Amino acid sequence: MTPPTHHPAFQWLRSHPIESLNLSVEEYEHRKTGAKHYHLACDNTENVFLVALRTVPMDDTGVAHILEHTSLCGSERYPVRDPFFMMIRRSLNTFMNAFTSSDWTAYPFASQNRKDFFNLLDVYLDAVFFANLHELDFAQEGHRLEFAEPDNPDSELLFKGVVYNEMKGAMSSPVNTLWQTFTKYLFPTTTYHYNSGGDPQSIPDLTYEALKDFYRTHYHPSNAVFMTYGDIPAEEHQQRFEALALQRFERSDTHIAVGDEKRYFAPVSVEEAYAVDPAEAEGDKTHIVLGWLGGYSIDLLDALRAELLSGVLLDDSAAPLRHALETSELGAAPSPLCGLENSNREMSFMAGLEGSRPEHAAAVEQLVLDTLRRVAEEGVPQERVEAALHQLELAQREVSGGHYPYGLQLILDALPSAIHEGDPVAALDLDAVIEQLRAEASDANFIPGLIRDWFLDNPHRVRLTLKPDSELAGRRDAAEKARLARIKAGLSTAEIEHIIDQARQLAERQSQEEDEEILPKVGLEDVPPEMPIAEGREEVINGYPSHLYEQGTNGLLYKEVVVDLPPLDDALVEVLPYYTHNLTEVGCADKDYLAMQSWQTRVSGGLSAYSSVRGQIDDAQRVSGYLILSGKALNRNHWDFSELVRSTFAEARFDELPRIRELMAQLRMRREQSVTGRGHSLAMQAASRGISPVTALAHRLSGLEGIRRLKALDDRLDTEDAVAELAERLQELHGLITGAPRRFLLIGESHGLPQLREDVAKLWQPESPAIGERFGLPPVHQRIRELWTTTTAVSFCAKAYPTVPVEHPDAPALSVLGGFLRNGFLHRVIREQGGAYGGGASQDNASASFRFYSYRDPRLAETLDDFDRAIDWLLTEKHEPRQLEEAILGYISQLDKPSSPAGEAKDAFHNALHGRTPEQRQRFRQRVLGVSLDDLRRVGETYLKPDDASIAVISHPGAAEEAQALGLEVHAL
């Protein structure tokens, strides 16, 4: 094979085409430093860059995580305080971030604009390899001591820091605590034993010198992996790698790697506790999890065997282990940890229950082991093995997108193999290995043999019982206060002066004006004239409006049944989220739910149902609503998939009461666990619920009020009569849904789409549902002021103002204003000075509201005051055209952000369904580009009036007194 053109500083090792992904992987090695470069060459104009370092911390101080933050606070060529966040607003990026994993740290970005891509590359390379690591940035991002009144040594001494508060918030999540506690015992000696993000109790132990030492040893090209994706050739990347960074380094003799874990010779059982709010302590809230340590993740065949085994055991409710866990009386639902973890050097597998009791630990262990023994003795039907193989193949083929750009998702899939010095090329090209696995799996003894190797004959097993403790948070707070009191009592005069001086210097540094012009940028002249919107065609099939989109889906088909929501009484609106949760999980016609689950896994990539309710483009008080049943499948399964979709829609039955009870318990667990991860979204939703009927409905059904109502309902479902009453309402709602007008959305490639269309014609007989009254909601106009308390160590603050819908002439200016306030004021005062992990503002055109928010915030009243100060800053300060351009660029990059081929078709269809036609969206985008500084001031003065503000905060019960002093009504979640 002829080597691709590449830079002479790099040695070409191989090129490997992967037909199923429509790309070729090129592997290079930097001659001088040994740095690896993997380039995924393809025709995609959304280019992706990632550089990853092996980071192997051996304590809980969060050194790798704090270093990730601090390295982005200024570098040799870009010595401004915050180049990372500055570049976010000087860029047309489609993704920018940095990640700290358990054994690596990565710095990725993506852009569709070549100039922008290379601007970001310059800044990223300098940040990673030539970071300034200023001590004040370490104090801001990591931790510091500071007096409550910074210049008053008689006031309370506090721990502060962005990562410190971030991890306080992260470790408020029971699931995060469960995972960190579990790995502490499953990995007794290696880096996975420790919390790479940092334990809040240990973060203050990290010294500035230790941070710099870690940087010197770990942030070297010899310890780095470069990965790129897209249509920019490898040579162009390498030219910049060499010129901007690599030429200044020699090969390092330090080899950083994770060693083999010391294996247990007998199973271990441990019991620990997690913090829970006293108001939430009642009931069965214990987690009981079993876990095994397996083989190396870089052994691709072994890793796929483990994935197949996990799929056979857990893929759906008919899988033997998941079925045993879901139907057990020992707990409410399978543990969120259930399944295979294959990103660490050595794989692990977990199974267990949540919503249990400590005294059930031995019985849960016995249930799991008995189920595994039974499967090992009896085997599994071959069709279940084939279904699991089918899921592996589908995952390999699907062009994903949405949360991450597709190219970045591929890079992240390959990264663990590269980090652990395996073969990332093989990790991407799974077709041949799947075929080898298929041959092995045809042996009836294959799965039983894997079960014996992985579980029954493997003594490295841990059973963790994690029980709730309503006093744990109080004891931790008391211990922190006592620690700080001891520190304060022992401070010398010089140390007191140092703390006060550091606070003063940090405040000055945070307030100083930076010369942003040393950073590269793109301008409005670089913005494409139009946003890309997928184009489809409309047909009528058997009387049904049908929308067909021909997209490059790589052998997959996507289908949605879209139903006009009919008018619903209050009782049926209440069960709408329970209906969508249950619809694809229950039996249909003569098939019970187990048969339906097996059918789904065998022929599809899964079905889901959801409701979509949005305000009109010119009146947020008038809404349109739809019920969507959505699924995907490989082309070859089009007919079986189409039959599955029709059966699920037309023949679902809600008479399997124990199944409905299980599903409701699982939904409760999932919703309760979501609060600390999306607290800012829930707080904004609560604050704006008095502005828009759409957000009022979302708050009631899936927001904070929805969680509270679900908990109350779940508590009542312990009697069969209560479950039967719910089932009757679900069946009644199903009858209304199936009798309402519907249409189809069909997405596929040129050769697959006609098959899907023909399936609709054959399976959906002509019907003419009566077109009657449509779903609607009463208008809302209410001012909200409330605090919601739950188990959390930090706050999520939100303030909302009524504004205008998307078609109003002021909507573009309000949309730009969110980024303008974040860039110019909120980021500095909420994150840098206030210590919150995040904060900002945004216009929600769907609900006609403008919302301020903070995320994982140590403050409450001060943050709400800062939201008001942001408005004063807007109206009283002089602003530069540069700030406006940056805010417009940021908003345009959000509008233009690409998705997967199927995602772009869905986005185009659903926007048009709710009146956001391509013409309307292009028109709105053009108006965004024309927003002026005067427009921003005018809309700020017009709409952001203090007397109109609604407030919602999520925090801990200890914040109730502060909230009541602000006039907030207190609710316990």
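How many helices and strands are there in the chain? Show the whole chain as a cartoon to begin. This is a predicted model. The chain has 34 helices and 28 strands. Its radius of gyration is 28 Å, close to the 30 Å that the globule rule gives for 973 residues, so the chain is as compact as a globular protein of that length.

**Stop 1: the whole chain**

Turn the model along its principal axes. The C-alpha trace spans about 80 × 65 × 65 Å. The accessible surface comes to about 36100 Å². Carbon and sulfur atoms hold 47% of that area. Of the 973 residues, 61% count as buried.

Next, think about contacts. Take those with a separation of 6 or more: 82% of them join residues 24 or more positions apart.

The chain has 95 positive and 149 negative charges. Their mean positions are 1 Å apart.

**Stop 2: helix 5**

Select residues 162–170. This is helix 5. Is it enclosed or open? Nine of its nine residues are buried, so helix 5 is largely enclosed by the rest of the structure.

**Stop 3: Asn119**

Select Asn119, in helix 3 (residues 114–129). Is Asn119 buried or exposed? Its relative accessible area is 10%, under the 20% cut-off, so Asn119 is buried.

Leave out residues up to four places away in sequence, and Asn119 touches Met87, Pro520, Lys521 and Val522.

**Stop 4: Lys262**

Move on to Lys262. Where is it? Lys262 sits in the loop between helix 8 (234–244) and strand 11 (268–275). Its relative accessibility is 59%, over the 50% cut-off, so Lys262 counts as exposed.

Lys262 still has contacts. Beyond its neighbours within four places in sequence, Lys262 is in contact with Pro188, Thr189 and His460.

Lys262 and Asn582 are 320 residues apart along the chain. Draw a line between their C-alpha atoms: the separation is 44 Å.

Methods
Residues are numbered from 1 along each chain as its sequence is written. This is a predicted model: local features need pLDDT of at least 70, side-chain atom pairs count only at pLDDT 80 or more; totals for chains, interfaces and linings use all residues. Side-chain values use heavy atoms; hydrogens and water are left out. Helices (H or I, at least four residues) and strands (E, at least two) are DSSP runs, numbered from the N terminus. Buried means under 20% relative accessible area, exposed over 50%, partly exposed in between (1.4 Å probe, protein chains only). Contact means heavy atoms within 4.5 Å. The radius of gyration is taken over C-alpha atoms; the globule rule is 2.2 Å times the number of residues to the power 0.38. Accessible areas come from the Shrake-Rupley method with a 1.4 Å probe; for residues, only the protein chains shown count as cover. Lys and Arg count as positive and Asp and Glu as negative; His and the chain ends are not counted. The place of a charge is taken as NZ of Lys, CZ of Arg, CG of Asp or CD of Glu.
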